[in-house]
Amino acid sequence: MLDRRSFMGSAAAASLAAPAAAQALASVPLPAPALHDSRPDAYWAALRKQFLIPADVVNLNVGTVGSSPRPVLKAIFDGFETTEQMTQAGSEDYPIWGYGSWDEYRKPFAGFMGAKVEQMAILRNCTEANSYVANGFDMKPGDEVLISDEEHGSGEMPWMLRQRRYGVAVKKFAMPKPPKDAADILNRINDAITPRTRIIFVSHISTATGVILPAKEIAALARSKGIISAFDGAHAPGMIKVDLNDIGCDLYTGSMHKWLFATKGTGFLYLRDRGVMDRVWNTIATGGYDDPARMADRYMQIGSSCIPTLMGLNAAVEFAKGIGMDRIEARNRSLADYIHAEMMKRGAESWTSPDPALRGGIATVNVPPVQRMELQDWLWTNHKVRVRGGNPSKLRLATAYFLSKADIDRFLDLFDAFRRMKGIA
């Protein structure tokens, strides 16, 4: 039970939250597309105002989580306001997700990713989608899955669980650091394939280094040997243009809360065709899970969930399409190239490929003897600059399109100041 002091405190917190919600919903005009051609810096600066990130915060860690812009937040908030009125038209309609096909939410995202609606299941995150693949793919003890040594824990651990529980073999190949070209990666995969290899599961974009793997060529290699190809695409949607049916892979997973800036709690599983679906068992089961006519929709039968997240996803897709993925990809790449070149001038070791085709919106560098975690904490606590990386000295610098060159220069100046503070030449 709330006493008077607790109640007043709760009321005060609610009153303070109201202006923040109003700010998130406040309409800020989008820049005219033509502005990009005449004044590109002004165009990107105007887009920056769609995000609630304070002006003095520099987020170089979209690789972990993005920030939903105002139109996405409005769609989510409006969705809650609408669904929670409980006035759905049908007597069996409720504001939950988990039993319908929800094509009105699947179809826009599927089209954005170069897929058909019947190939796309919208899930809650990439981890869930990866677990569907690892736990559900039909394998026998002794069968092998081939993965890289740079997989995210959410991509690797589902396979390790399968290995421990059912005796499938997890085999790793070492990614070159950095790969000089696509053949450098393909040759390592080809050399690691054995007669027991049943599935190749690798990241489309490495979470460790930001390298874009040659997905289309890997899929073709797998197909030529009768092996299933699967990709963890957690970083791809919204960073680079993706056409899943052109890639030709069998399975593809991902998340939308990073570079697409969609609702947190949205992920997806793509399955190429009925033949692939027949080899991937559901690992969450409720009514409809075993109906093959439902195609990818049957992997969405997970019980009650949250419709407003899907409304936010639709808004995120429209927001990205309004800018244009060609324009977004070029901006992400140019900022990454700039920060990478500047770090090279500072003596960093590059883990980012020299091949432009293998680079996207992430520049990864190794900067010993700088201690990554010490730098990361100092940058955020004292200067509101977010970075991430790996111990002891790796920095993963994610350059989302809303950043400015001035933001990157601020990070570079602070990096120099930190080294001087530590007496590092």
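**A short tour of a predicted model**

Let's begin at Trp102, which counts as partly exposed because its relative accessibility is 22% (buried means under 20% relative accessible area, exposed over 50%, and partly exposed in between, using a 1.4 Å probe and protein chains only). Trp102 sits in the loop between helix 4 and helix 5; helices are DSSP runs of H or I with at least four residues, strands are E runs of at least two, and both are numbered from the N terminus.

Before we go on, a word on the ground rules. This is a predicted model, where local features need pLDDT of at least 70, side-chain atom pairs count only at pLDDT 80 or more, and totals for chains, interfaces and linings use all residues. Residues are numbered from 1 along each chain as its sequence is written, and side-chain values use heavy atoms, with hydrogens and water left out.

Now, on to salt bridges. How many salt bridges does the structure hold? There are 25, each being a side-chain nitrogen of Lys or Arg within 4 Å of a carboxyl oxygen of Asp or Glu.

One of them joins the side chains of Asp56 and Lys384, at 2.9 Å from N to O. Asp56 is in the loop between helix 3 (40-48) and strand 1 (58-59), and Lys384 is in the loop between helix 14 (372-383) and strand 11 (385-386), so this pair ties together parts that are 328 residues apart in sequence. Asp56 is partly exposed at 34% relative accessibility, and Lys384 is partly exposed at 39%.

Next, please look at Arg359, which forms a salt bridge with Asp337, with 3.1 Å between the closest N and O atoms. Arg359 lies in the loop between strand 9 (349-350) and strand 10 (362-366) and Asp337 in helix 13 (residues 325-345), so the two tie together parts 22 residues apart in sequence. Is Arg359 buried or exposed? Arg359 is buried, because its relative accessible area is 17%, while Asp337 is partly exposed at 33%.

My last pair is Arg346 and Asp416, whose side chains meet in a salt bridge of 2.8 Å, N to O. Here Arg346 comes from the loop between helix 13 and strand 9, and Asp416 from helix 15 (residues 405-421), 70 residues apart. Both Arg346 and Asp416 are buried. They also belong to a network of salt bridges that links Glu342, Lys345, Arg346 and Asp416.
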